[in-house]
Amino acid sequence: MSSAFVKESDDQWLHDIPPTLTALLVYLTRENNGVRVYEQKSFKNSDGAMVYAMSNGLSYSVDKNSRWEIVW
């Protein structure tokens with residue numbers, strides 16, 4: 001009988017990742033079962049914050065606390 005190490009959870013929340021576009025891309029790709037997610041366009045919102053529209057259909061921005069958030 002063999003025993004294998006099984007990781008119970010590698011859950012990571014969006015607000016836990018570093019506030020860089022590279023970190024966001026890696027996170028979203030991992031959450032998308034390895035299917036690459038990429039930036040489709042970026043723009044500044046009315047508050048002057050950068051908003052990144054991604055290929056997964058959602059837009060993301062870094063809030064005032066340097067945490068990623070989904071922009072609706």
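The largest pocket of this predicted model is lined by Asn45, Asp47, Ala49, Ser61, Val62, Asp63, Lys64, Glu69 and Val71. Strands S3 and S4 are the elements that give two or more residues to that lining. Local features need pLDDT of at least 70, side-chain atom pairs count only at pLDDT 80 or more, and totals for chains, interfaces and linings use all residues. Residues are numbered from 1 along each chain as its sequence is written, and side-chain values use heavy atoms, leaving out hydrogens and water.

**The pocket**

- About 150 Å³ of space lies in the largest pocket.
- A pocket is an open set of points on a 1 Å grid over the protein atoms alone, where a 1.4 Å probe fits, with protein on both sides within 12 Å along at least five of seven lines; lining residues have an atom within 4 Å of a point.
- The volume is the space filled by probe spheres set on the points, which are joined across faces, edges and corners.
- The lining divides into three nonpolar, two polar and four charged residues.
- Asp, Glu, Lys and Arg count as charged; Ala, Val, Leu, Ile, Met, Phe, Trp, Tyr, Cys and Pro count as nonpolar; the others, Gly among them, are polar.

**The fold**

- Along the sequence, the pattern reads α-β-β-β-β.
- Helices (H or I, at least four residues) and strands (E, at least two) are DSSP runs, numbered from the N terminus.
- The four strands make an open sheet in the order S1-S2-S3-S4, with antiparallel pairing.
- Strand S1 (39–44) and strand S4 (68–71) each have a single partner strand, so one side of each has no neighbour in the sheet.
- On average, neighbouring strands of this sheet are turned by 30° against each other, direction ignored.
- Strands pair if DSSP finds at least two bridges between them.
- Strand S3 (residues 59–62) is joined to S4 by four bridges.
- Ser61 has Glu69 as its bridge partner in S4.
- Helix H1 (residues 21–31) lies across S1, S2 (50–54), S3 and S4, and runs at about 30° to S2.
- Axes are lines fitted to C-alpha atoms, for helices over the stretch in contact, and angles run from 0 to 180 degrees between N-to-C directions.

**Buried residues**

- Of the 72 residues of the chain, 22% count as buried.
- Buried means under 20% relative accessible area, exposed means over 50%, and partly exposed is in between (1.4 Å probe, protein chains only).
- Val37 sits in the loop between H1 and S1 and is buried, at 3% relative accessibility.
- Val37 touches residues including Leu25, Leu28 and Met54.
- Contact means heavy atoms within 4.5 Å.
- Val37 and Gly57 are 20 residues apart in sequence and 9.7 Å apart in space, C-alpha to C-alpha.
- Ser59 belongs to strand S3 and counts as buried at 19% relative accessibility.
- Among the residues that Ser59 touches are Tyr52, Glu69 and Ile70.

**Positive phi in loops**

- Most residues other than glycine have a negative phi.
- Asn33 is not a glycine, yet its phi is positive, about 55°.
- Asn33 lies in the loop between H1 and S1 and is exposed, with a relative accessible area of 74%.
- Ser66 also is not a glycine and has a positive phi, about 60°.
- Ser66 lies in the loop between S3 and S4 and counts as partly exposed at 42% relative accessibility.

Key. Lists of a residue's contacts leave out its neighbours within four places in sequence.
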